[in-house]
Amino acid sequence: MAFHDIAGNSRVKKILKLSLQRQRVPNSMLFCGPQGVGKRNAALTLAKALNCLEKTDDACEECLHCRAIHGGNFPDVIEIVAAGDFIKIDQMPIVKQLAYLKPMSGRRRVFLVDEAEKMNEESANSILKVLEEPPLFTHIILITENPAFILQTVKSRCQVLSFSPVSKDEIEQALRDRGYEEEKARIMALLVRGNLEQALGLEWEEIQRRRQEAWELFHALISRGESSLFLRKYAFQKRNVVKEDLEQMLELFSSFCRDFVLMKENGDPALLFNPDYESRIREGEKYLSYEQTLRTLDGIDVAMTSLGRNMNIGLLASALYSRMIG
Ligand SMILES: [Zn+2]
């Protein structure tokens with residue numbers, strides 16, 4: 001994966017490429033940011049670029065070194081993964097021993113530490129000296145979703161790079177670049193909250209099932225049909241509703257509302273978010289006036305924001321229900 005194959009985070013990618021071009025890649029780095037935004041891929045691409053036989057500021061993906069790193073069998077690029085809940089002290093000697101030895105095959109030795117927040121104090125302390133003064137040919141990249149759990153003594157020795165969630169547009173573009181049809185890419189981008197890896201793991205049949213379910217719930221609400229379906233599923237549920245589940249439902253509700261607006265404004269049906277639902281959208285939009293549609297859209301926005309702030313899901317679902325039914 002070259003840098004341009006990693007979706008979003010153009011600022012971070014630019015910094016990395018520049019530092020490669022100037023041959024000033026920091027030796028101790030901390031990549032932080034939410035899940036699925038490309039931290040590990042960026043670290044691997046950086047490791048390849050540091051050892052690539054063809055390019056100096058990116059991975060060519062073709063040469064012997066790039067391919068070996070991709071396959072996980074390049075002796076100078078070593079990935080450390082937690083054994084269970086922790087990265088234990090006995091996983092660390094390899095870092096201490098190899099860090100000071102010249103690379104065997106490549107130009108640079110690169111250690112990737114996944115879920116670096118799982119280093120316990122003992123593990124972290126054992127590599128402080130390496131992080132503090134690594135030899136020029138050694139790079140250590142710590143990767144974490146939870147920088148708050150990284151010891152300050154570790155953090156202060158690293159150059160920190162923050163990755164941001166990838167926007168819907170960027171996910172959509174990345175999916176289209178990978179050959180997904182425009183409509184599919186647009187809908188998938190809605191469902192994954194900036195997580196490209198999740199999007200790539202989604203099955204289209206599963207997405208269709210979720211949309212079908214969302215449409216049934218949404219239609220029941222606006223038509224005052226079996227509107228309590230929504231409450232039963234999200235508000236009165238005894239077991240905990242998964243936040244991501246409601247998030248996806250709300251994104252889909254919002255896409256239906258936006259399609260209602262488009263129809264009410266006599267827009268081009270080709271621009272529908274859900275073009276394959278055109279006849280349902282045309283039937284459904286009659287239940288809501290223009291103002292009601294905008295109010296509903298507003299209510300969904302509020303619910304999504306509250307969900308982001310970890311508000312109680314039952315309360316939030318009840319509030320949205322009253323807003324849509326009231
Ligand atoms: Zn290469």
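This is a short walk through one predicted protein model, from the whole chain down to single residues.

Ground rules, quickly. Residues are numbered from 1 along each chain as its sequence is written. In this predicted model, local features need pLDDT of at least 70 and side-chain atom pairs count only at pLDDT 80 or more, while totals for chains, interfaces and linings use all residues.

The overview, then. The protein chain has 16 helices and 5 strands. Helices (H or I, at least four residues) and strands (E, at least two) are DSSP runs, numbered from the N terminus. Along the principal axes, the C-alpha atoms fill a box of roughly 70 × 40 × 30 Å. The chain has 326 residues, and 39% of them count as buried. Buried needs 20 or more other C-beta atoms within 10 Å of the residue's own; exposed is 12 or fewer; partly exposed lies in between; C-beta atoms are placed from the backbone. Now contacts. Two residues are in contact if their C-beta atoms, placed from the backbone, lie within 7 Å. Take the contacts with a separation of 6 or more: residues 24 or more positions apart account for 70% of them.

Next, the sheet. It is open, has 5 strands, and runs β2-β3-β4-β1-β5 with parallel pairing. Two strands pair if DSSP finds at least two bridges between them. β2 and β5 are the edge strands, each pairing on one side only. From one strand to the next, the twist averages 20 degrees. For the angles, axes are lines fitted to C-alpha atoms, for helices over the stretch in contact, and values run from 0 to 180 degrees between N-to-C directions.

Look at β1. Its 5 residues are buried, 5 of 5. Ser28, Leu30 and Cys32 lie on one side, Met29 and Phe31 on the other. Toward β4, β1 pairs in the parallel sense over 5 bridges. There, Leu30 has Leu142 as its bridge partner. Toward β5, 4 bridges join the parallel strands. Met29 stands opposite Gln159 in β5, and Phe31 has Leu161 as its bridge partner in that strand.

On to β4. How many of its residues are buried? The count is 7 of 7. One side carries Thr138, Ile140, Leu142 and Thr144; the other carries His139, Ile141 and Ile143. β3 pairs with β4 over 5 bridges, again in the parallel sense. Arg109 stands opposite Thr138 in β4.

Now helix α2, residues 39–51. α2 has 13 residues and reaches 19 Å from first C-alpha to last, close to the 18 Å expected at 1.5 Å a residue. That expected span is 1.5 Å times one less than the number of residues. Of the 13 residues, 11 are buried, so α2 is largely enclosed by the rest of the structure. Among the buried ones are Lys39, Leu44, Lys48 and Asn51. What covers them includes α1, β1, α3, β2, β3 and β4.

Val37 is buried, with 26 other C-beta atoms within 10 Å. Its C-alpha is separated by 7.7 Å from that of Ala7, 30 residues apart along the chain. Leaving out residues up to four places away in sequence, Val37 touches Gly8, Asn9, Phe163, Ser164, Pro165, Val166 and Gly194.

Further along comes α9, residues 182–191. Its buried residues are Arg186, Ile187, Met188, Ala189, Leu190 and Leu191. They pack against α8, α10, α11 and α13. Arg193 follows α9, with a positive phi near 50 degrees.

Last, a helix pair. Two packed helices are described by the angle between their axes and the distance between the axes. The axes of α15 (290–308) and α16 (313–325) come within 10 Å and cross at roughly 175 degrees. The two are therefore roughly antiparallel. The cut-offs: under 35 degrees is roughly parallel, over 145 roughly antiparallel, 65 to 115 roughly perpendicular, and the rest oblique. Which residues of α15 and α16 make the contact? From α15, Thr296, Gly299, Ile300, Ala303, Ser306 and Leu307; from α16, Leu316, Leu320, Arg323 and Met324. By class, the contact has 6 nonpolar, 3 polar and 1 charged residues. Here Ala, Val, Leu, Ile, Met, Phe, Trp, Tyr, Cys and Pro count as nonpolar, Asp, Glu, Lys and Arg as charged, and the others, Gly among them, as polar.
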